[in-house]
Amino acid sequence: MRWSFSSYRQFSFCKRQWYYHHKMANANATKDPERKEAAILRQLQSLNAWRGSMVDYIIGQEVIPYLRQGIWPQYKQVVEAMKQLFQEQYAFAKDQKYREPGITKSKAGDQFLALYDLEYAPEKITRDSLNQAYLEAIQALKNLFANQHFLEYLRSADQLITQRQDIQIKYNDHFTITAIPDLVVFLDHPFRVHIVDWKVHSKANRTYEEQLFLYAWVLKKCTRPRDFPAALEQLPITEIKLTEYQLLKNEVRDYTITLEDIANIENNIAQSVEEMMLAQAHLKYTQLDINRFPVNRSETNCAGCRFRKICEQPIQQHSQTSLF
Ligand code: SF4
């Protein structure tokens, strides 16, 4: 069972939502409409989240690979790639292709998109709201390109690692803790490590140091992937540089992790894992009782919840009635 920063937050604010997301959702459960529906709903993204994920994707695909080779990425080319991605993904979501039988995220590839508002409030998807999402995504990239100093710094790095899935720790027999930072930068002479997470938020009132602390902690404790420098093992965690890059506000928020932060992370993980074990969250879906994962209804929790459809009105299972 994977434990991540986002699943921890989800479990804390609504256990039922966590259950739908991590246990019930199963795209291969063809004979169980409720599980299939949960798998579809799990993919829904708000307009703002979509805007952010497009920016992350374009940076990972169109900016970092060039910097890695010591080449300056071309802004015009990057914007063109964003425009194409935007159009393809929106067309996919608008036609609700994610509901077509046999379509999965991996089969659909880059064009896959399922939009929350198209399922729950299609009237909110207007020309203006789409235009705004597009322009803000472009603005985020524009701000990054305006920070030549930061791009030059990345270009001078020895290794740039994007969204790796193998930074993880086996915590106990049931839980694996995972971290998927947007970017890990390794620099030499002297050896340094820098974790960067891109954020595309209009208000950006909240800060994300906790998430970055967890990334640093997992990076230091995990079995080092073979292509990561061996020097990582000797580097004290307190020397890892952490950055939340608020691209829309063009604000670079730097953090450092202290020994007290590490103690807090370890306490939070221990408490959270214990709470999940008590709810038997590590068991298989078929072994679970949904009532162990109570709803936590509130305006804030439910307003943007992807699983409202099944939470408010569970799909009736039509059991076969015998004629004899
Ligand atoms: S609709 Fe509300 S109570 Fe139900 S799963 Fe979502 S957040 Fe939880």
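What you see is a predicted model, in which local features need pLDDT of at least 70 and side-chain atom pairs count only at pLDDT 80 or more, while totals for chains, interfaces and linings use all residues. Residues are numbered from 1 along each chain as its sequence is written, and side-chain values use heavy atoms, with hydrogens and water left out.

The ligand is surrounded by residues that include Cys 14, Tyr 20, Asn 296, Cys 302 and Arg 308, where near means that a heavy atom of the residue lies within 4 Å of the molecule. By class, this shell holds six nonpolar, three polar and two charged residues.

Most residues other than glycine have a negative phi, and most peptide bonds are trans. With that in mind, which residues does a cis peptide bond join? The answer is His 189 and Pro 190, with omega at about -5°, and Pro 190 lies in the loop between strand 7 (183-187) and strand 8 (192-199). Gln 163, which is not a glycine, has a positive phi near 40°, and Gln 163 is found in the loop between strand 4 (159-162) and strand 5 (168-170).

Methods:
Nonpolar A, V, L, I, M, F, W, Y, C, P; charged D, E, K, R; others polar. Helix = DSSP H or I, 4+ residues; strand = E, 2+ residues; numbered from the N terminus.
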